[in-house]
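Keep the model in view as you read.

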Amino acid sequence: MSDYEVILCIVNAGYSDVVMDAAREEGARGGTVIHARGTANKEAEKYFHITIQPDKEIVMILVPTSIKDAVLHALYRNAGLKTDGQGIAFSLPVNDVVGISSPANQAAPAEQTEVKEQPAPSDGSAE
C-alpha cells in the first residue's frame, strides 16, 4: 500500500490552471490534464442550479495522503461548483507508485553505477 492518493478534478474547459495553482499552494507538485466532454442532462442543471458546459478538463493530481484533504478543500474554494470553473473533485486510493521521487528518496541518492565507454574498433570490425 502506498502513501499516495490521486485527486481527480473535473472543471469547465480553460480552468485547469486554476486547479493546479490551488493544488500547488497546498504542496502538490504537478498534474496531468485530460480533455473531456460532459454528458449531463437538463435535469442535472436544474438540480444543481448551474449551466453545464460540455467541454471539460480532468486534472489528475497524485499527492501524498498527508496533504489530500488540504488540496481538496483548496480545489473546492478556487474551482468548485460555485465558481466559474464549476468543478467537482474527489480522491481515490493508490495501491502502488513507481516513477516519482519523494523527499525521503532525495535525501539518500541511490547508488550509481559507473559505465565506462569503450572505444570503437578503428578497423570497422566488431569485437
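Aspartate 55 and arginine 37 form a salt bridge, with their closest N and O atoms 3.0 Å apart. The term means a side-chain nitrogen of Lys or Arg within 4 Å of a carboxyl oxygen of Asp or Glu. This pair links distant parts of the chain: aspartate 55 lies in strand β3, arginine 37 in strand β2, 18 residues apart. Arginine 37 is exposed, at 59% relative accessible area. Aspartate 55 is partly exposed, at 43%. Here buried means under 20% relative accessible area, exposed over 50%, and partly exposed in between (1.4 Å probe, protein chains only).

This is a predicted model, in which local features need pLDDT of at least 70 and side-chain atom pairs count only at pLDDT 80 or more, while totals for chains, interfaces and linings use all residues. Residues are numbered from 1 along each chain as its sequence is written, and side-chain values use heavy atoms, leaving out hydrogens and water.

The whole structure holds three salt bridges. In another, the side chains of arginine 77 and glutamate 26 meet at 3.8 Å, N to O. Arginine 77 sits in helix α3 and glutamate 26 in the loop between α1 and β2 (32-37), 51 residues apart. Arginine 77 is exposed at 53%; glutamate 26 is partly exposed at 27%.

Aspartate 69 pairs with lysine 68, the closest N and O atoms being 3.5 Å apart. Aspartate 69 is partly exposed at 47%. Is lysine 68 buried or exposed? Lysine 68 counts as buried because its relative accessible area is 16%, under the 20% limit. Lysine 68 belongs to helix α3. Beyond its neighbours within four places in sequence, lysine 68 contacts Glu5, Ile7, Val63 and Ser91. Contact means heavy atoms within 4.5 Å.

Now the nonpolar core. Such a core is a set of buried Ala, Val, Leu, Ile, Met, Phe, Trp, Tyr and Cys residues joined through side-chain atoms within 4.5 Å. The largest one has 16 residues, and Ile7, Val19, Ala23, Ile61, Val63, Val71 and Leu75 touch the most other members. β1 (4-12), α1 (16-25), β3 (55-64) and α3 (68-79) each give two or more residues to this core. Leucine 75, again leaving aside neighbours within four places, contacts Ile7, Cys9, Val19, Ala22, Ala23, Gly80 and Ala89.

Finally, the overall plan. The chain has four helices and four strands, in the order β-α-β-α-β-α-β-α along the sequence. These are DSSP runs, numbered from the N terminus: helices are H or I, at least four residues, and strands are E, at least two. Of the chain's 127 residues, 27% count as buried.
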